[in-house]
Amino acid sequence: MRRIIVGVSGASGSAFAYRALEALRDSPGIETHLVVSRQAARTIELETKKTVKDFEALADVSYGHDDLAAAISSGSFITEGMLVIPCSIGSAAAIAYSLNANLLVRAADVCLKERRKLVLVVRETPLHAGHLRTLTQLAETGAVIMPPMPALYAKPKTVDDIVAHTVGKALDQFGIEHKLFERWS
């Protein structure tokens, strides 16, 4: 069983997280561990007709964002890594500087220190120099910075097509097979 941690921060883009959880649930051999930040709960409420409980229902294990004693807060708990989707600049900065005040940031920090995959779907635009320095620091530390960029060459017809492409690209980072988008040939 491959364990993947999914962190949902308060950035706009709850639909990316929900679709990622659906895709991971449908992937054989994947066990998902979910942490939703306090602000993400509010963003989910504002952006969707879903609740945090709907997100948690898609995960194998869910943790409270303040539970710093959770399994995913320790490097001895083996995972493939973590996907933070969406990732706010605030969460990115906290991860970059190891400000482990909540479980999402701590779990991401553990992935970096253990040299596990950390994929950050950073949802912010435009970016100022401070944002770029933070993202550069994260990339230098080993994180994959993956803003949700629409692949217009795929000729998306719906917002769901755009969301699925971003989620598919994120799953590619973990070597997880999927059929979320048609590959270039």
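1. Buried, in this note, means under 20% relative accessible area. By that cut-off C111 is buried, because its relative accessible area is 1%. The model is a predicted one, so read every value below as computed from predicted coordinates.

2. The cysteines. How many disulfides are there? The count is zero. C87 takes part in no disulfide, and the nearest cysteine sulfur, in C111, lies 12 Å away. A disulfide needs two cysteine sulfur atoms within 2.5 Å. Seen from C111, the closest cysteine sulfur is that of C87, and 12 Å is too far for a bond. C87 is buried too, because its relative accessibility is 0%.

3. Helix α5. This helix covers residues 103–113, and C111 is among its buried residues. Nine of its eleven residues are buried, so the rest of the structure largely encloses α5. The buried set is L103, L104, V105, A107, A108, D109, V110, C111 and L112. Note that D109 is in that set.

4. The ends of α5. At the start, a side-chain oxygen of N102 comes within 3.1 Å of the backbone nitrogen of L104. Just after the helix, R115 has a positive phi of about 60 degrees.

5. Helix α7, ends. T158 caps the N-terminal end. A side-chain oxygen of T158 lies 3.3 Å from the backbone nitrogen of D160. Just after α7, G175 takes a positive phi of about 70 degrees.

6. Helix α7, buried residues. These are V163, A164, H165, T166, V167, G168, A170 and L171. The elements that cover them include α1 (14–25), β4 (81–87) and β5 (117–122).

7. T166 in detail. This residue is found in α7. T166 counts as buried because its relative accessibility is 2%. Which residues does T166 contact, leaving aside neighbours within four places in sequence? They are F16, V121, M146, P148 and M149. F16 is itself one of the buried residues of α1.

8. Helix α1. It has twelve residues. From first C-alpha to last it reaches 17 Å, close to the 16 Å expected at 1.5 Å a residue. S14, F16, A17, Y18, A20, L21, A23 and L24 are buried. What do the buried residues of α1 pack against? They pack against β1 (2–8), β2 (30–36), α2 (38–47), α3, β4 and α7.

9. Aromatic pairs. The count comes to two.

10. Y153 lies in the loop between β6 (144–145) and α7, and W184 in the segment after α7, so the pair ties together parts 31 residues apart in sequence. Y153 is partly exposed, because its relative accessible area is 48%. W184 is exposed, because its value is 68%.

11. Which charged end sits over the ring of Y18? That of K50, which is 4.5 Å from the ring centre.

12. T134. This threonine is placed in helix α6 (residues 129–141). T134 counts as buried because its relative accessibility is 9%. Beyond neighbours within four places in sequence, T134 contacts A92, A93, A96 and Y97.

Conventions: Residues are numbered from 1 along each chain as its sequence is written. This is a predicted model: local features need pLDDT of at least 70, side-chain atom pairs count only at pLDDT 80 or more; totals for chains, interfaces and linings use all residues. Side-chain values use heavy atoms; hydrogens and water are left out. Buried means under 20% relative accessible area, exposed over 50%, partly exposed in between (1.4 Å probe, protein chains only). Helices (H or I, at least four residues) and strands (E, at least two) are DSSP runs, numbered from the N terminus. Contact means heavy atoms within 4.5 Å. A polar contact is a pair of N or O atoms within 3.5 Å; within protein, one must be able to donate a hydrogen and the other to accept it, and residues adjacent in sequence count only if both atoms are side-chain atoms. Rings of Phe, Tyr and Trp (its six-membered ring) pair if their centres lie within 6.5 Å; planes under 30 degrees apart count as stacked, over 60 as edge-to-face and the rest as tilted. A charge sits over a ring if NZ of Lys or CZ of Arg is within 6 Å of the ring centre and within 35 degrees of the ring normal. The expected span of a helix is 1.5 Å times one less than its number of residues.
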